[in-house]
Amino acid sequence: MTKRILWSMFSIALLAAALMAALVVAVQYKAFENRIVTELNTETSYIAAMLPEDNAARADVLASLSSRNRITLIDPSGTVLYDNTQPASNMESHVQRPEFLAAQTQGAGLSVRYSDTSLEKLIYCARRLEDGTVLRIAATQKSALGILSGSIFPILLLLALLAILSILLSKATAKRIVSPINALNLDQPLENDAYDELSPLLMRMERQQRELNSQLDAYRRKQTELTAITENMREGMILLNSKGVVLSMNASAAAIFHVSAADKIDGDVWAVTRNVTLQQAISAVLEGKNAEVEYEEAERHYQFMANPVLQNGKAVGAVLLLLDTTDQYAAQLSRREFTANVSHELKTPLTSISGYAEIMRDGVAKPEDTQRFAGRIYDEANRLIALVNDILELSRLDERKLLEKPQEVDLLAVTQEAIGSLSPAAEAKHVRVDLQGEPVTIKGYPKLLFEIAYNLIDNAIKYNVPEGSVRVSIQSEGGQATLCVADTGIGVPEEHAPRIFERFYRVDKSRSKESGGTGLGLSIVKHGAAIHNAKIEFASQVGQGTTIRVVFPHN
Ligand code: ADP
């Protein structure tokens with residue numbers, strides 16, 4: 001800035017000085033020339049008046065004069081008779097000289113000629129004497145160029161002065177312009193006390209700052225919204241740029257990959273996971289292709305979806321989504337397993353029913369066996385009915401299609417009912433069933449609570465020993481209601497204990513079938529307890545007996 005101001009100042013000063021000098025020189029020059037011409041005319045008139053008539057005498061008079069000017073005497077034919085600067089004999093004829101010609105014709109003549117170098121100008125003044133001889137006097141005047149070249153030193157001095165002045169002034173001016181700009185408070189543009197010319201700039205700055213602030217506010221709001229959404233998402237979400245740099249990673253994604261989001265943001269996505277399947281999907285998405293893969297890590301099942309962010313057909317980034325599908329996957333797996341098990345369980349009784357019926361149809365059976373076979377068919381059909389009932393009950397529970405609304409249920413009464421239904425079975429097995437406790441009301445589903453009590457007591461009878469016993473108790477403690485079924489039966493070996501609540505899991509298949517078991521009783525108990533938010537406690541010792549407690553929470 002200082003340099004620019006310096007140059008413009010210096011140029012203006014130089015131009016002004018040059019114009020001034022030219023004007024002065026032009027005016028002075030013309031005045032000087034006029035003076036010389038007047039002086040020459042006067043001098044020529046004086047000398048002409050004092051010259052004798054004889055040319056030789058004239059030359060002598062002229063030689064005796066001491067004049068700064070050149071004096072020449074020319075005869076009417078143009079031959080130089082005398083010249084005070086050089087011998088007349090060396091000089092050429094002057095017949096063509098304009099001043100001579102003018103003097104010859106008009107009596108006086110004036111002519112101006114430049115020297116060879118143009119630095120000097122010669123002014124010739126001629127006058128015709130009475131006998132036709134011409135007296136010429138020439139004076140030298142420096143030309144404008146000559147005057148200038150003669151004053152080169154003062155000019156250089158002036159230029160140097162101008163340069164110094166320009167430097168000082170431009171520095172001061174630049175400072176005066178720039179320092180208020182440097183001192184501006186850009187946060188509050190309109191509160192600055194700067195010179196007027198800055199006002200439009202400050203106003204524009206203020207407007208732009210307002211726009212910027214509102215844009216920044218909108219951006220911050222969006223950012224907060226996005227963070228709130230992504231941070232509360234169960235799904236893991238990672239945003240990448242086109243080079244695979246992590247732009248954002250939510251808490252779920254960080255938890256799934258066991259990394260810290262703060263460490264990985266702005267880092268390479270390849271450092272987030274070493275899983276080859278995922279890395280292939282990420283490579284694909286960075287090339288602009290969609291990718292969806294499933295993968296397992298730390299016994300959890302995930303669905304990984306990678307979608308490119310396209311702009312004009314080019315991938316400028318990618319969104320990676322991770323869904324924890326462990327539950328759905330497990331449910332799908334157990335549904336498949338359940339269907340296979342159901343088919344298998346139904347097939348066995350149906351095969352024996354069909355076998356016995358075939359024998360009877362073909363009349364192959366002896367008459368005394370017919371009744372036995374019919375009895376088998378009846379038993380298998382009953383097993384089928386029990387199985388189908390249990391399957392229906394379980395699928396109802398799976399879909400949570402409960403017939404009733406939760407209501408106040410007396411756990412003691414429901415248990416009593418279940419014991420009543422099971423008393424023939426208990427008698428047949430010679431197992432004694434005792435019930436202790438007082439009425440306890442809980443909020444729940446009567447039918448489901450009946451199923452829970454029924455299945456537990458049924459098992460306690462089925463897997464008991466002859467002359468064994470079952471102690472059923474209802475307790476209410478600390479606001480919790482507990483249904484406890486303890487038997488003196490065969491017990492469950494420790495290795496089987498964790499699995500007996502699974503569908504169709506039986507410790508001893510043939511014993512279960514013999515006693516009409518379906519392998520679904522405890523699954524119904526587990527499901528029913530879950531619906532009532534109840535906890536199941538299980539304790540068993542082989543040969544000693546089993547105790548199962550269902551603890552219902554506060555109402
Ligand atoms: P099941 O219809 O075969 O009784 P459950 O789901 O009710 O099916 O029980 C699963 C398995 O757990 C049974 O087959 C049995 O082996 C075992 N079990 C259940 N209750 C008892 C118990 N009280 N004593 C010993 N074993 C039991």
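This is a predicted model: local features need pLDDT of at least 70, side-chain atom pairs count only at pLDDT 80 or more; totals for chains, interfaces and linings use all residues.
The largest nonpolar core holds 37 residues. Leu-411, Leu-449, Leu-456, Ile-457, Leu-483, Val-485 and Phe-552 touch the most other members. Two or more residues come from each of helices H12 (411-429), H13 (446-462) and H15 (521-531), and from each of strands E14 (469-477), E15 (480-487) and E17 (545-552). Helix H13 gives the most, with eight residues. A second, separate core has 26 residues, including Ala-254, Ala-261, Ala-284 and Ala-291.

Neighbours within four places in sequence are left aside here. Among the contacts of Leu-483 are Leu-411, Ile-452, Leu-456, Val-472, Ile-474, Ile-548, Val-550 and Phe-552. Thr-415, Ser-473 and Arg-549 are also in contact with Leu-483.

The search of the whole structure finds 22 salt bridges. One of them joins Glu-345 to Arg-506, with the closest N and O atoms 2.9 Å apart. This pair links distant parts of the chain, 161 residues apart. Glu-345 lies in helix H10 (residues 326-361), whereas Arg-506 lies in the loop between E15 and helix H14 (509-514). Glu-345 counts as buried, at 3% relative accessibility. Arg-506 also counts as buried, at 10%.

A salt bridge between Glu-393 and Lys-447 has its closest N and O atoms 3.2 Å apart. It too links distant parts of the chain: Glu-393 is in helix H11 and Lys-447 in helix H13, 54 residues apart. Glu-393 is buried, with a relative accessible area of 6%. Lys-447 is partly exposed, at 34% relative accessibility.

Within helix H11 (residues 367-398), Asp-369 and Arg-372 are three residues apart, about one turn of the helix. Their side chains meet in a salt bridge of 3.6 Å, N to O. Asp-369 counts as buried at 19% relative accessibility, because the cut-off is under 20%. Arg-372 is partly exposed, with a relative accessible area of 45%. Elsewhere, salt bridges that share partners join Lys-30, Glu-33 and Lys-121 into one network.

The disulfide count comes to zero. Cys-125 is buried, with a relative accessible area of 1%. Cys-484 is buried as well, at 8%.

On the surface, Leu-119, Leu-145, Leu-148 and Ile-155 form a nonpolar patch. Together they have about 310 Å² of accessible area. Leu-148 belongs to helix H4 (residues 144-150). Its relative accessible area is 37%, partly exposed.

Ser-11 lies in helix H1 (residues 2-50). This serine is partly exposed, with a relative accessible area of 39%. Ser-11 and Arg-400 are 389 residues apart in sequence and 96 Å apart in space, C-alpha to C-alpha.

Notes. Residues are numbered from 1 along each chain as its sequence is written. Side-chain values use heavy atoms; hydrogens and water are left out. A nonpolar core is a set of buried Ala, Val, Leu, Ile, Met, Phe, Trp, Tyr and Cys residues joined through side-chain atoms within 4.5 Å. Buried means under 20% relative accessible area, exposed over 50%, partly exposed in between (1.4 Å probe, protein chains only). Helices (H or I, at least four residues) and strands (E, at least two) are DSSP runs, numbered from the N terminus. Contact means heavy atoms within 4.5 Å. A disulfide is a pair of cysteine sulfur atoms within 2.5 Å. Patches are made of residues with over 30% relative accessible area and no salt bridge: like charges are joined within 9 Å, nonpolar side chains (Val, Leu, Ile, Met, Phe, Trp, Tyr) within 5 Å. Accessible areas come from the Shrake-Rupley method with a 1.4 Å probe; for residues, only the protein chains shown count as cover. A salt bridge is a side-chain nitrogen of Lys or Arg within 4 Å of a carboxyl oxygen of Asp or Glu.
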